[in-house]
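Please read the following alongside the sequence and the model.

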Amino acid sequence: MSSLFSGMALSLASIGFLLNILAIYLIKGRQNKGKGINKMFLVLIFYTFLCSIMEILVVFSISRTTVANAFNDFVCRFYTLIMFIWGIIFTFYLLSNIAYNEGKKFKFEPAKLIAFIAIIIGVAVVAFMTPVEYSSGFNGQPYFITGRLWFLLSLSMIIGMLFSLIIIEVYKNKFKDIYVTPLVCIFIFYIIVQIFCLATNTLMSDKVAFYTIIVIILYLTMESQDSRLIDEFNTSKAEAILANKAKTEFLINMSHEIRTPMNTILGFGQSLLSDVNLSEEVARRDIKNISDAASTLNDLIDNILDIS
């Protein structure tokens, strides 16, 4: 029994961390009236939770039997499949963050959805055709997945992490360095560990713990609702400053544009009133200038009213 719980320890700890993160994330989101909540991050949390449950089921089913059977093989193959799908969901999460930082809404395009389904089917076929082998525990019983299926899982995780690093590098201007640096470091560290395990045939069974660490890092960096609210506040502040600057420039320009025809009207009006020996030709000229200035002023006022 103690060996059973020791095999489940990290998976159980992962479930505890994920439930806490989910609760805090939703409570903060509710307090902020839904602002700062990323639905793809919620999907990632729920799916990591599912992976934790599945890892516990794998350890439990293997530990309860002395000889591997068809049920154990199915559970292990299904575990390999859902662990691979986690990488695809994480890729979509990164793409949704890129869309968010560009001020766009992330959508599942038909081409992406078809590619997603095709990849899952392909991996499912490979996983369910690959023979399942088990490592032996201290008492000679099956302990965890090993052999080609474990190699397939580890290799797929390395490829998924490399692909995520490529996305981060290509779109690095869409992420803040303070957010992606911890993520990149943990990815590089885990890739090195996985390559070492593959090279030395060393078993590393607690893969969900790594996924949970990634979720925790995301929660503290990219998905920090406090940071998102601060970013939105800074963006709104910058937009307000630009709007205020544009308003000031507009008023300065309008002041100049309005004063010019007004001065023309006043100037020629005073000239007409003060000139004792006013000829008809001069009067017509000044009146025409007053009429043109009044027409210009009228157009300016109409434009101002249209803008407002």
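Helices (H or I, at least four residues) and strands (E, at least two) are DSSP runs, numbered from the N terminus. On that basis the protein contains 9 helices and 2 strands. Their order from the N terminus is α-α-α-α-β-β-α-α-α-α-α. This is a predicted model, in which local features need pLDDT of at least 70 and side-chain atom pairs count only at pLDDT 80 or more, while totals for chains, interfaces and linings use all residues. Residues are numbered from 1 along each chain as its sequence is written, and side-chain values use heavy atoms, with hydrogens and water left out.

Contact here means heavy atoms within 4.5 Å. Among contacts between residues at least 6 apart in sequence, 76% join residues at least 24 apart.

Two packed helices are described by the angle between their axes and the distance between the axes. Axes are lines fitted to C-alpha atoms, for helices over the stretch in contact, and angles run from 0 to 180 degrees between N-to-C directions. Helix 3 (residues 70-101) packs on helix 4 (residues 110-129) at about 155°, and their axes are 9 Å apart. Helix 3 and helix 4 are therefore roughly antiparallel (angles over 145 degrees; under 35 degrees counts as roughly parallel). Residues of the contact include Phe 74, Phe 78 and Leu 81 of helix 3, and Phe 116, Ile 119 and Val 123 of helix 4. By class, this contact has 15 nonpolar, no polar and 2 charged residues (Ala, Val, Leu, Ile, Met, Phe, Trp, Tyr, Cys and Pro count as nonpolar, Asp, Glu, Lys and Arg as charged, and the others, Gly among them, as polar).

For helix 5 and helix 7, the axes come within 12 Å and cross at roughly 15°, so these two helices are roughly parallel. Trp 150, Leu 153, Ser 154, Met 157 and Met 161 of helix 5 meet Lys 207, Phe 210 and Tyr 211 of helix 7.

Of the 308 residues, 37% count as buried (under 20% relative accessible area, with a 1.4 Å probe and protein chains only). A nonpolar core is a set of buried Ala, Val, Leu, Ile, Met, Phe, Trp, Tyr and Cys residues joined through side-chain atoms within 4.5 Å. The largest such core has 61 residues, and Phe 90, Leu 183, Phe 187 and Leu 218 are among those with the most contacts inside it. Helix 3 gives the most to this core, with 16 residues. Not counting residues up to four places away in sequence, Phe 90 touches Leu 44, Ser 164, Leu 183, Phe 187, Ile 214 and Leu 218.

Note on methods: Angles under 35 degrees count as roughly parallel, over 145 as roughly antiparallel, 65 to 115 as roughly perpendicular and the rest as oblique. Buried means under 20% relative accessible area, exposed over 50%, partly exposed in between (1.4 Å probe, protein chains only).
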